[in-house]
Amino acid sequence: MELEDMLYDDDLDIQDIIQNGFPRRRIERTDYFETMDDYGFFRRFRLTKPTVAALLEEIEDGLVYNNQINNPVSPMTQLLLTLRFFASNGHQTSIGDFIGCHQSTASRIINKVSRAIANLRPLYVKMPQTNIEKLQTQEEFYRVARFPRVIGVIDCTHVKLQSPGDSGYGLRRFLLTPLLNPQTRGDQLYNESHIRTRNIIERVNGILKRRFPVLAYGFRCNVENVLPIIVATTVLYNKARRMGEDEPPPAEGIDENILEYLVDQGNIPVMGEENNNRNVLNHRQQIIEHFFNNLNIH
């Protein structure tokens with residue numbers, strides 16, 4: 001090729017860049033849903049393929065980009081990126097590399113998908129509504145440690161944040177706390193039954209953190225972005241149960257000993273705050289006298 005022809009071609013390339021901009025580099029992203037085997041998929045993303053496919057149907061409309069400019073990340077890839085983050089120690093840069101995007105893009109996707117999943121909360125995280133549901137729930141809880149009239153339990157657990165807060169649970173007519181200084185046999189049986197019944201949610205918190213280790217390792221983002229993640233992982237846990245999933249194998253890239261240590265460190269001893277309201281105190285005392293003074297718990 002003559003020098004003049006080469007210069008002419010260079011001029012055409014420059015004109016094309018001026019008119020259309022620099023050509024964009026198209027990133028080819030791996031389709032992990034199609035290419036990864038079922039065991040490896042379950043291990044890396046903490047949900048089975050059928051559960052992920054069903055979940056995507058529920059949130060896909062909120063993940064689709066309005067156009068295909070700049071090689072947008074597909075809804076499935078957005079979901080898998082977010083699930084991979086939930087299964088990690090919280091480093092977004094490595095999660096972005098895993099999928100093939102910049103850390104800032106990964107952060108935006110995680111926030112968007114987490115909020116989309118968290119919006120499913122009314123379908124997956126709810127108290128019993130009808131009288132029949134309440135009675136069934138009360139019977140199931142009573143069989144645990146013979147604590148009466150329970151339709152739900154709560155427990156504290158640490159999720160590390162940049163701006164943490166702490167607060168105890170106060171005694172209410174609808175929220176019974178343990179006695180700080182049990183005096184009688186009935187008081188002691190009340191506390192024992194309370195602890196054994198409440199242990200259900202303590203175990204669930206541990207299971208939740210083992211399935212989604214980021215809850216144990218902690219977050220490097222603002223509280224406003226952490227709250228949807230906590231709700232989203234709870235939704236995913238309940239959806240997995242509805243889908244009949246087993247517990248997933250150990251998460252890839254996570255040291256099990258460190259994870260167990262962090263889960264244990266996250267347990268918070270329940271120190272109920274007493275209430276000076278006499279009606280509330282009498283309500284708890286009536287329950288103790290009526291159900292626990294003559295009760296033997298084995």
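**Entry 1: asparagine 191**

I began with asparagine 191, which touches Pro178, Leu179 and Pro182, leaving out residues up to four places away in sequence; contact here means heavy atoms within 4.5 Å. Asparagine 191 sits in helix α10. I looked up its cover too: asparagine 191 is buried, with a relative accessible area of 12%. Buried means under 20% relative accessible area, exposed over 50%, and partly exposed in between, using a 1.4 Å probe and protein chains only.

A note on what I am reading: this is a predicted model, where local features need pLDDT of at least 70, side-chain atom pairs count only at pLDDT 80 or more, and totals for chains, interfaces and linings use all residues. Residues are numbered from 1 along each chain as its sequence is written, and side-chain values use heavy atoms, with hydrogens and water left out.

**Entry 2: the whole chain**

I found 14 helices and zero strands in the chain. Helices (H or I, at least four residues) and strands (E, at least two) are DSSP runs, numbered from the N terminus. Of the 298 residues, 40% count as buried. Among contacts between residues at least 6 apart in sequence, 76% join residues at least 24 apart.

**Entry 3: the cores**

Which residues have the most contacts inside the largest nonpolar core? I noted Val52, Leu79, Leu80, Leu83, Phe86, Ile117 and Phe219, in a core of 44 residues. Among the helices that each supply at least two residues of this core are α4 (49-59), α5 (75-86), α7 (103-118) and α12 (223-242). Another core, of 13 residues, lies apart from it and includes Phe141, Leu179, Leu189 and Ile287. A nonpolar core is a set of buried Ala, Val, Leu, Ile, Met, Phe, Trp, Tyr and Cys residues joined through side-chain atoms within 4.5 Å.

I then followed leucine 80: leaving aside neighbours within four places in sequence, leucine 80 is in contact with Tyr32, Phe33, Phe41, Phe45 and Val52.

**Entry 4: helix α5**

Is α5 enclosed or open? Twelve of the twelve residues of α5 are buried, so α5 is largely enclosed by the rest of the structure. The buried residues include Thr77, Gln78 and Arg84. I also checked its span: α5 reaches 17 Å from first C-alpha to last, close to the 16 Å expected at 1.5 Å a residue. The expected span is 1.5 Å times one less than the number of residues.

**Entry 5: rings**

I counted eleven aromatic pairs in the structure. Rings of Phe, Tyr and Trp (its six-membered ring) pair if their centres lie within 6.5 Å; planes under 30 degrees apart count as stacked, over 60 as edge-to-face and the rest as tilted. The rings of phenylalanine 86 and phenylalanine 212 have centres 6.0 Å apart and planes at 80°, so this pair is edge-to-face. Phenylalanine 86 lies in α5 and phenylalanine 212 in the loop between α10 (185-211) and α11, so the pair ties together parts 126 residues apart in sequence.

Tyr32, Phe33, Phe41, Phe45 and Phe98 form one aromatic cluster. Lysine 49 lies over the face of phenylalanine 33, at 5.7 Å from the ring centre, and arginine 84 over that of phenylalanine 98, at 5.2 Å. A charge sits over a ring if NZ of Lys or CZ of Arg is within 6 Å of the ring centre and within 35 degrees of the ring normal.

**Entry 6: two arginines**

Arginine 46, in the loop between α3 and α4, has a positive phi of about 70° although it is not a glycine. Arginine 46 is buried, at 2% relative accessible area. Arginine 146, in the loop between α9 (131-145) and α10, has a positive phi near 60°. Arginine 146 counts as partly exposed, at 37% relative accessibility.
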